[in-house]
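Here is a short briefing to read alongside the model. Take a moment to look at the chains and how they meet, and then walk through the points below.

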Amino acid sequence: MATALKLSTHDPMTPRICEVRSFRRETVDVFTLEIESGGIDWQPGQFNMVGAIGSREIPISISGDPARTDIWTHTIREVGNCSRALAHLRAGDSVLMRGPFGVGWPEVEAEHSDLLVVSGGVGLVPLMPTLYLASRRPALKTTLIYGSRSPCDVLFSHRLAEWSSYPNMTVRLTVDHPDTDWHHNVGLVTRLIPTSPINPFTTIALICGPEVMMRFTARELLREGISPRSIYVSMERNMKCGMGLCGHCQLRGEFVCLSGPVYPYDRIARLMEIPEL
Amino acid sequence: MSKLDFHTQDPPILEAEAFGTLWRVLNDFGYQVVGPALRDGAIRLVPLESADDLPRGIRDLQTPGNYRTSSRDDGYLFGYSHVADGAKRWLLRPRTTLWRISRRDGQPTIEESRDPVPKVALLGLRACDLKAIEILDRVMLRESRADTDYAECREQTLLIAVNCEWPSSLCFCESMGAGPQATGGFDLCLTELPPGGDRFLVEVGSPKGHEILSRLNTRPATTNELHESKKVIARAKGSLRKRLETRGLTQALYSGVEDDHWERVAGRCFACGNCTFSCPTCFCCDYQDLGEIHQRVWDTCFHSEFSGLHGGAVRGSRASKYRHWITHKLASWQEQFQTLGCVGCGRCIAWCPAGIDLTEEARALVGVAQGDTK
Amino acid sequence: MISMAELLSQQPCLKELDPASIEFMAGCAANTFFPQGTALLREGQRVEKVYLLRHGRVGIQVHVPGKGPKILDSVGPGELIGWSAFGRPGMARMDLVSLEDVRAISLDAECLARKCESDPKFGYAMLVMVVDVLQNRLQSTILQLLDLYGDRS
């Protein structure tokens, strides 16, 4: 018995071949690729499946300024074969792209006059598009709390320094292992929450980093009185197809590639607490 | 005569000789017949040259961790419970090429050079197999994000069911609302009448099925034959021994997520993945790049790489893998696809080298949940 | 000018304290200033003051022979340092060094301790406050041990 299904003209499982516009090293193990996008729409917090030719594709968040519609900006940490293969790409090379996929960060609505962004490590990457937008909204009071392993791992430091001079933006940096030149905070990002001026009724909080860090940060924010519905986290799972077909990224009933990676904390809090779910 | 009149007519009888012509007729329509045959010690779904390839007089015996065939002393062609490997491998192919990269003037280009999709008539599907296909359709054919290879295979496949008269001791299709009687989702559905092999009652389920039936020699069924067909199905129903109570199951699996019970299952589970490969609805796939060929291959949630992040697997322990599998089948599948992921075929029980029985595990978890509320 | 009691009541870690306790604490409190690079305490020194930071950050450091001073943690506005004054033998376990110009409220440890002993209700409120501070610091330290952003090959 046959089915009546219309297939779209472009199979979302088939990648596009796109040209790399530039390669930039950010830190010793993090680099940024700018890739021509062909003007495809995307939302802050969404991800693409990116692969070097002959290598497996991997999910990578989009980290660029949403104002740049001609390119995808992907900031990638070298942790395995696939990301290392991407690190060899240079301007003019071809790269395989599928996407964008997933549900991104919520739009900061008018009722929220305060935006709190808490990120750790490369967790800052998917939050950059939102921060670009926030930097252009003088009425939105934005606080970024950003934790890194050491001062040399701090990403986008020039951009962050520029933003910290904006009247509406506060940037609070912290590292686990400072060097002698470090003049910011030491310790985990959670340490900076009790002393950040947070109005629980007007704040929307976006968190991205290692899952443990997100769990503890979210709890710290709840202690400050923020509603779990105003806290969002971005989950990392093994996304492969991007369409809820392959099953790899499941978190109980959620296909993280489809209903995530960004979730309101009240929807995901319980699932984050269960080991190995 | 309007197109759908076939639904209202009494189903006719196809006798042995006419049944034999089914192959020629299906070939005329361009279909290769794929049906049950004894292969590798199991009754499997394979290409069949003629009715002679069918497993005449062969039955299957299934117990936890055990599958055997033996002869039966009658001429039934479909005298077994169901094929060991379901229809899944013909629709969601175990390994298929999605695209490849070729070079033109040194520039890489993508070619959507899929493996050819065979036009097949799947013969001998049971009600549970049809239900499994219905579930797979929900998974694979969602609006705007369908799996193209599955969609094409599905489009090219004719479904000819044969009502189940011989459930195994592991079958619990009735609990899952999947059988034993096929009530839809087929192009044609046969009921093999006693003493087996010489008369089939034929129901039509689609215009295509009607078209094919009209090319076969049939005769009207007698009142007695109609009665017989009901009797054999009722007997099959009555012979089902295994049950799975689905009420309260989702809640029990969710609330028991941190129970010690999972460790006890893990003590027996090998995390081999047989349950997922034999399951007619397990759909998880991986994507592999072999040189410049990109393929979709079956995967199993029992492998650690399945949930692997760069730091390690999300689900590393056997307890968490088994918990994920059964919770997906019997609870979270409902959230995702508004149906459970189990059809009650019992294949995962027979093909589990440790004989782990998901109905018993589910019952144990429900017991845990009820203990909590006492 | 804002009174010491008002200043204390604005401190995040004291927000659960009742006005009478705040009033009492004000009696043990004074405003202090440390220019950048000052040692508020050195390892092994007797701790005579507990500090509530108002501006600037203080580093908690350990001197490692051959490697010099290592900053392991930093404490900023709104946080409390010097709580080893409440422990025994009331000795500093690590160095406290101002990383910037620091303004703080100092609380005389002996004055607080006497009050805690004579007024168990006040003592208990102090205990809860210090446990809160410790809990936050301990959790952060434990999580730092995970080297969450690390595992660099």
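Helices, of at least four residues, and strands, of at least two, are DSSP runs numbered from the N terminus. Counted that way, chain A has 6 helices and 15 strands. Please keep in mind that this is a predicted model.

**Chain A as a whole**

- The C-alpha trace of chain A spans about 60 × 45 × 35 Å along its principal axes.
- Why does the radius of gyration of chain A agree with a compact globule? A compact globule with 277 residues would have a value near 19 Å, and chain A has 19 Å.
- Of the 277 residues in chain A, 63% are buried.
- Taking contacts in chain A between residues at least 6 apart in sequence, 70% join residues at least 24 apart.

- How much area do chain A and chain B bury between them? The figure is about 4300 Å², with 55% of it on carbon and sulfur atoms.
- The size of an interface is often given in just this way, as the accessible area lost when the parts come together.
- Chain A brings 42 residues to the contact, and chain B brings 60 residues.
- Between the two chains there are 3 salt bridges. One of the salt bridges pairs K240(A) with D286(B), whose closest N and O atoms are 2.7 Å apart.
- Polar contacts between chain A and chain B involve 22 residue pairs, with both residues at pLDDT 80 or more.
- On the side of chain A that touches chain B, at least two residues each come from strand 6 (94-101), strand 14 (254-255) and helix 6 (265-273).
- By type, the residues on that side of chain A are 20 nonpolar, 11 polar and 11 charged.

**A closer look at S63(A)**

- S63(A) sits in the loop between strand 4 (58-61) and strand 5 (71-77) of chain A.
- Is S63(A) buried or exposed? Its relative accessibility is 3%, so S63(A) counts as buried, the cut-off for buried being under 20%.
- The side chain of S63(A) makes a polar contact of 3.2 Å with the side chain of T75(A).
- Leaving out residues up to four places away in sequence, S63(A) touches T73(A), H74(A) and T75(A), together with V125(A), M128(A), P129(A) and Y132(A).

Definitions and conventions: Residues numbered from 1 in each chain as written. Chains lettered and ligands numbered in written order. Heavy atoms only, no water. Contact = heavy atoms within 4.5 Å. Buried area = accessible area lost by both parts, 1.4 Å probe. Salt bridge = Lys/Arg side-chain N within 4 Å of Asp/Glu carboxyl O. Polar contact = N/O pair within 3.5 Å; in protein donor to acceptor, adjacent residues only side chain to side chain. Nonpolar A, V, L, I, M, F, W, Y, C, P; charged D, E, K, R; others polar. Rg over C-alpha atoms; globule rule 2.2 N^0.38 Å. Buried < 20%, exposed > 50% of the residue type's maximum accessible area, 1.4 Å probe, protein only.
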